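Visitor: I would like to learn how to read a structure like this one. Please take me through a few of its features in turn.

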Amino acid sequence: MGLFNFVKEAGEKLWDSVSGAGEDQSAKLKEYIHKLGLPGSDKVDVKVDGDKASISGDSISQELKEKILVAAGNVAGITHVEDNVKVAETATEAKFYTVKKGDTLSAISKEVYGDPNKYNQIFEANKPMLSDPNKIYPGQTLRIPQ
């Protein structure tokens, strides 16, 4: 549990700065997470208050929790994601990496694993948020499995 920081301008645009707030944004973010097709994502509740999203729920895997947190944080306008999720079984937590200008998955893999050829591990760990290993953008946060 904790608070994770994200880049406000980076990510999916689910609403604009003058659109409705509160329940409307909460519903849109929950629908976006559900549309990613993550099995078990229906077990979490999503609340948006300004630029902060709070995710709560229980009985999900560590991996699913991390994917939901990253998906929520990679929405334009969200700068903080509060983790109030209880996992079914404790597992090793992944690290998070914020993409910088000029990064590629191979370069990130070389930096975190010491081997650029392990980029596919990062790609697989971020599916379905990533549809192509060449489509990452500055400010995006990625899960980096151990």
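Visitor: How many residues lie between S2 and S3 in the hairpin, and which residue in the turn has a positive phi?

Guide: Keep in mind that this is a predicted model. The S2–S3 hairpin has 2 residues between its strands, and Gly-50 in the turn has a positive phi of about 70°. The two strands are antiparallel and share 6 bridges.

Visitor: In which sense do S3 and S4 pair, parallel or antiparallel?

Guide: Parallel: strand S3, residues 52-60, is joined to S4 by 8 bridges. To check this, follow two pairs along the strands. Ala-53 is opposite Val-81 in S4, and Ser-54 has Glu-82 in S4 as its bridge partner.

Visitor: What do S3, helix H2 and S4 make?

Guide: They make a right-handed β-α-β unit, in which H2 covers residues 62-73. For the handedness, look with the strands pointing away from you; the path from the first strand over the helix to the second runs clockwise in a right-handed crossover.

Visitor: Which strand is joined to S4 by 4 bridges?

Guide: That is S1, residues 2-5, which runs antiparallel to S4, residues 80-87. Here Leu-3 is opposite Glu-82 in S4. Glu-82 is also the bridge partner of Ser-54.

Visitor: Now single residues. Is Asp-83 buried or exposed?

Guide: A residue counts as buried under 20% relative accessible area. Asp-83 has a relative accessible area of 1%, so this residue is buried. Asp-83 belongs to strand S4. Its side chain has a polar contact of 2.9 Å with the side chain of Lys-65.

Visitor: Where is Thr-79 found?

Guide: Thr-79 sits in the loop between H2 and S4. Thr-79 counts as buried because its relative accessibility is 11%.

Visitor: What does Thr-79 touch, leaving out residues up to four places away in sequence?

Guide: Its contacts are Phe-4, Asn-5, Phe-6, Lys-8 and Asp-51. Thr-79 and Asn-5 are 74 residues apart along the chain, yet 5.6 Å separates their C-alpha atoms.

Visitor: Where does Ser-41 lie?

Guide: Ser-41 lies in the loop that links helix H1 (23-35) and strand S2 (44-49). With a relative accessible area of 6%, Ser-41 is buried. The side chain of Ser-41 reaches the backbone oxygen of Leu-38 at 3.0 Å. Leaving out residues up to four places away in sequence, Ser-41 touches Ile-33, His-34, Leu-64 and Ile-68.

Visitor: Which residues of helix H3 are buried?

Guide: First the general idea. An α-helix has 3.6 residues a turn, so residues three or four places apart point the same way. In H3, residues 105-113, the buried ones are Leu-105, Ile-108 and Ser-109. These residues are on the same side of H3 because they cover an arc of only 100° around the axis. Lys-110 and Glu-111, on the other side of H3, are exposed.

Visitor: What do the buried residues of H3 pack against?

Guide: They pack against strand S5 (95-98), helix H4 (119-125) and strand S6 (141-144). Look just after H3 as well: Gly-114 has a positive phi of about 80° there.

Visitor: How many bridges join S5 to S6?

Guide: There are 4, and the strands run antiparallel. Thr-98 has Thr-141 in S6 as its bridge partner. S6 is covered on both faces: Thr-141 and Arg-143 are buried on one side, Leu-142 and Ile-144 on the other.

Visitor: What does UniProt list for residues 95-144?

Guide: An unreviewed UniProt entry lists "domain: LysM" for these residues. In the model, this stretch is 32% helix and 16% strand, with its end C-alpha atoms 5 Å apart.

Conventions. Residues numbered from 1 in each chain as written. Heavy atoms only, no water. Buried < 20%, exposed > 50% of the residue type's maximum accessible area, 1.4 Å probe, protein only. Arc of directions from axis to C-beta. Contact = heavy atoms within 4.5 Å. Pairing = 2+ DSSP bridges. UniProt positions renumbered as here; feature names shortened; annotations may be inferred. Polar contact = N/O pair within 3.5 Å; in protein donor to acceptor, adjacent residues only side chain to side chain.
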